[in-house]
Amino acid sequence: MSGQTILIGPDAFGLFKVREMKEEDFYLGSACPTSLKSPKCHIILFYEPATVDENLIDLWNKLAQTIGGPVIGAVNVSARTEIMEAFQSTAQDVDHPLNDFTISGVPTLMVWRNRWPQAYYNGELSYDAIHKWILVLACKPGYKERDSTFIGVESVQPDEHVNDNREEGFAWPTSSRDFTSLTGDKTTRTPIPGEEEEAGEEEEAGEEEEGAEQVTPEEEEAGEEEEEESLPPTKRTVRAPSASQKVTSLRSVGFARESDL
């Protein structure tokens, strides 16, 4: 095509532990061209060098340096045209077993296990969220997530160091959609509705009791006598509270976790 220039961006990785995936890593030309030759667990980022966020580049490099076991890889969609054509061919064949795994936009994150694509990542684009997803869910046998919720990227959270504040025995989500930088932290525990109000009422009652003046038994008896003398000589009746006046106190017995909301 004379007169038309196609710009191909250079690979963004390669100096660190991120593996730039090449055509020879896939079974291109076979019946399943988007399958990998390696059976290892692969977490692969599909990106466009011209538009990729620098925060995402730094995030992916750090993941590759801090996670051992799975291969942290990347595919340059503008340079690896044969790989992208393979995804396009499986996407157009509705009967193909890998038809669900297509690249509808970038950046896209996918996991491979035993050579086959198994799941998309649909969660928050932050180091902590992706790090937890990889360690807890991505390489777990049987985990699948065939639906991609890609609708564009609003923002990539810059890498920030955070303390390990994970909750022991936390029930991790079963979908990447529920992974955020705070997933599994103690700070994510949310009181059951009504618990905050009861806690506030108890605190106010405690403050009122602390602020009340101390009264001796003698002063209390004298006050009761004065009150009885001041009352007019009329009959007083005691009425039982109506149904609308009865209040049932419901106390919570635990916390609702983020995965339960």
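This is a predicted model: local features need pLDDT of at least 70, side-chain atom pairs count only at pLDDT 80 or more; totals for chains, interfaces and linings use all residues.

1. In which loop is Arg 115 found? Arg 115 is found in the loop between E4 and E5; helices (H or I, at least four residues) and strands (E, at least two) are DSSP runs, numbered from the N terminus. The backbone of Arg 115 has a positive phi of about 80 degrees, although Arg 115 is not a glycine. Its relative accessibility is 34%, so Arg 115 counts as partly exposed. For this and later points, buried means under 20% relative accessible area, exposed over 50%, and partly exposed in between (1.4 Å probe, protein chains only).

2. Residues are numbered from 1 along each chain as its sequence is written, and side-chain values use heavy atoms, with hydrogens and water left out.

3. As to the overall content, the secondary structure comes to 5 helices and 7 strands. Along the sequence these follow the pattern β-β-α-β-α-β-β-α-β-α-α-β. The protein has 261 residues, of which 35% count as buried. Among contacts (heavy atoms within 4.5 Å) with a separation of 6 or more, 73% are between residues 24 or more positions apart.

4. With a relative accessible area of 54%, Asn 114 is exposed. A further backbone feature is the peptide bond from Val 106 to Pro 107, which is cis, with omega near 0 degrees. Pro 107 lies in the loop between helix H2 (81–92) and E4. As background, most residues other than glycine have a negative phi, and most peptide bonds are trans.

5. Strand E4 contains Leu 109. Is Leu 109 buried or exposed? Leu 109 has a relative accessibility of 3% and therefore counts as buried. When neighbours within four places in sequence are set aside, Leu 109 is in contact with Ile 44, Leu 45, Trp 60, Ala 119, Tyr 120, Tyr 121 and Ile 130. The C-alpha atoms of Leu 109 and Tyr 121 are separated by 5.3 Å, and the two residues are 12 residues apart along the chain.

6. Helix packing deserves a separate point. The axes of helix H1 (residues 54–66) and helix H3 (residues 127–138) come within 10 Å and cross at roughly 40 degrees. Axes here are lines fitted to C-alpha atoms, for helices over the stretch in contact, and angles run from 0 to 180 degrees between N-to-C directions. H1 and H3 are therefore oblique to each other, given that angles under 35 degrees count as roughly parallel, over 145 as roughly antiparallel, 65 to 115 as roughly perpendicular and the rest as oblique. H1 supplies Leu 59, Trp 60, Lys 62, Leu 63 and Thr 66 to the contact, and H3 supplies Tyr 127, Ile 130 and His 131.

7. How many residues of H3 are buried? Of its 12 residues, 10 are buried, and H3 is mostly covered. Among the buried residues are Asp 128, Lys 132, Trp 133 and Leu 137. The buried residues of H3 pack against E2, H1, strand E3 (71–76), E4 and strand E5 (116–120).

8. The structure holds 6 aromatic pairs. Rings of Phe, Tyr and Trp (its six-membered ring) pair if their centres lie within 6.5 Å; planes under 30 degrees apart count as stacked, over 60 as edge-to-face and the rest as tilted. The ring centres of Phe 26 and Trp 112 are 6.3 Å apart and the planes are at 80 degrees, so this pair is edge-to-face. Phe 26, in the loop between strand E1 (19–20) and strand E2 (42–47), is 86 residues from Trp 112 in strand E4 (residues 108–113), and the pair links distant parts of the chain. Both Phe 26 and Trp 112 are buried. Ring pairs link Phe 26, Phe 46, Phe 87 and Trp 112 into a cluster.

9. Finally, Gly 69 lies in the loop between H1 and E3. Gly 69 has a relative accessible area of 69% and is exposed. Its C-alpha atom is separated by 9.4 Å from that of Leu 135, 66 residues apart along the chain.
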